[in-house]
Amino acid sequence: MKILIAEDDYVSRLLVRKAVGKIGHEVIEAENGRIAWELFLEQEPDMIISDWMMPEMDGITLCQKIRASGRKMYSYIMLLTAKDKMTDLVEVFDAGADDYIIKPFKPDELRSRIKTGERIVQLERRHHQLQEELILQNKKLDSTLRELKTTQGHILQSEKMASIGQLAAGVAHEINNPIGFIGSNLDALKDYMEDVDELLSHYQKLCKLLVAAPGGSLCTEIQNEVKAITEFEEQIEIDYLKKDIPELLHDCKDGTQRVGKIVADLKNFAHPGNDKQMLVDINKGLESTLNVVYNELKYKATVTREFGDIPMVEGFPQKLNQVFMNILVNAAQAITEKGEIRIKTKKEGGQVLVAISDTGCGIKEEHLQKIFDPFFTTKEIGKGTGLGMNIAYNIIQEHKGKISVQSTVGKGTTFTVSLPGKT
Ligand SMILES: Nc1ncnc2c1ncn2[C@@H]1O[C@H](COP(=O)(O)OP(=O)(O)OP(=O)(O)O)[C@@H](O)[C@H]1O
Ligand SMILES: [Mg+2]
């Protein structure tokens with residue numbers, strides 16, 4: 001143990017030094033309070049045995065300064081004093097001293113008190129060490145918990161994607177069959193209608209001839225039938241029907257084609273059960289993702305596509321679509337009234353660049369570096385988990401690509417993804 005003796009009186013100092021030296025401790029000495037303070041800062045002694053009355057700085061002040069220094073390692077302080085009134089002793093403890101010894105002291109007593117002090121120093125230090133260990137453990141626990149939460153969030157998200165995928169594939173499959181026969185029936189119906197239309201034209205021509213026939217040349221039954229036909233034609237507006245039926249059929253056919261496209265997009269977006277690496281057409285992925293999230297976007301933004309001629313990318317289509325979906329949904333959420341979302345793809349060097357810009361609220365400068373952190377969200381509780389961009393970041397990392405963000409508050413945001421193109 002290193003002991004600092006602060007004592008202005010040479011003889012007293014010698015006595016203390018002798019007593020201390022006998023139990024084999026390292027000793028440093030100061031002849032006044034100021035020097036003692038400097039030595040304390042410089043050498044960090046384990047124990048200070050200090051006189052109360054000293055020039056330049058008294059023992060009480062020294063004691064107070066040591067306790068106020070906020071040093072982590074505990075130093076034991078014993079004051080030497082000729083005062084023995086209770087009020088004096090209270091002052092010693094109030095200043096932060098651990099013990100006192102009244103002068104003149106017996107060396108044996110001093111040694112015993114030093115030994116007690118030594119035990120307390122050891123206990124204090126052990127306590128301090130345990131506290132530090134506890135803080136460290138807590139920190140580790142905190143970061144493990146955080147990691148666990150992130151992983152859990154990612155698992156939930158990918159499970160969500162997988163179930164969307166499965167659901168979409170199921171729905172797509174169920175819709176595919178009826179839409180197929182509705183489509184071909186419509187084609188047949190169109191052909192039949194053309195024939196019926198032609199036949200109807202013949203009937204109408206015949207009807208006109210009959211109407212124009214000289215009076216009395218037709219029997220009453222025919223005359224009545226011709227009249228009924230003419231009246232019914234007027235009632236159902238036959239000319240309008242003839243014009244409208246092919247248009248309706250055409251619209252129906254158009255509708256089935258659109259449903260067919262949505263079904264194909266759903267399949268392409270979700271790629272259920274297909275987590276194998278493959279060559280991905282990014283433009284196609286963007287197109288199908290757009291159709292899947294269209295409902296979220298349509299009231300918020302007009303979407304402009306500027307798709308370039310880009311090489312294929314090696315990767316996981318479902319995961320890449322998830323990245324685009326997360327960016328597109330954020331873009332729509334950032335727009336309050338009506339805005340614009342622009343999607344641009346191009347080839348640059350060997351890279352495929354995808355830039356998705358919005359005219360939304362933008363991101364504050366101090367938030368920019370946190371965007372890809374797990375759980376960073378500015379959305380209300382229950383609205384955002386803050387995992388969307390973290391997942392996007394991880395997926396792009398996995399594809400050996402890069403994702404970055406540029407934003408101006410009040411103007412809008414651009415996310416740029418670059419992925420290595422397959423040559
Ligand atoms: N296009 C954008 N415009 C403005 N702010 C954005 C945009 N994209 C992301 N942000 C900001 O980044 C934060 C994090 O986005 P992230 O997608 O990771 O989480 P989130 O959207 O809050 O929640 P969720 O987990 O549901 O996606 C958002 O809360 C928002 O503040
Ligand atoms: Mg989001």
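Tutor: In this predicted model, the axes of helix 8 (residues 282-297) and helix 9 come within 9 Å and cross at roughly 35°, where axes are lines fitted to C-alpha atoms, for helices over the stretch in contact, and angles run from 0 to 180 degrees between N-to-C directions. Helices here are DSSP runs (H or I, at least four residues), numbered from the N terminus. The crossing of helix 8 past helix 9 is right-handed, that is, the near helix is turned clockwise from the far one by less than a right angle. On the helix 8 side, the residues that meet helix 9 include Gly-285, Leu-286, Ser-288 and Val-293, while Phe-324, Met-325 and Leu-328 are among their partners in helix 9; contact requires C-beta atoms, placed from the backbone, to lie within 7 Å. The residues of this contact divide into 10 nonpolar, 4 polar and 1 charged, with Ala, Val, Leu, Ile, Met, Phe, Trp, Tyr, Cys and Pro counted as nonpolar, Asp, Glu, Lys and Arg as charged, and the others, Gly among them, as polar.

Helix 9 (317-334) also gives the most to the shell around ligand 1, with 4 residues, and helix 11 (388-398) supplies at least two. In total 22 residues surround ligand 1, with Ala-334, Thr-377, Gly-384, Gly-388 and Met-389 the closest, a residue being near if its C-beta atom, placed from the backbone, lies within 6 Å. By class, that shell has 8 nonpolar, 12 polar and 2 charged residues.

Residues are numbered from 1 along each chain as its sequence is written, chains are lettered from A, and ligands are numbered from 1 in the order in which they are written. Local features need pLDDT of at least 70 and side-chain atom pairs count only at pLDDT 80 or more, whereas totals for chains, interfaces and linings use all residues.

Notes: Two residues are in contact if their C-beta atoms, placed from the backbone, lie within 7 Å.
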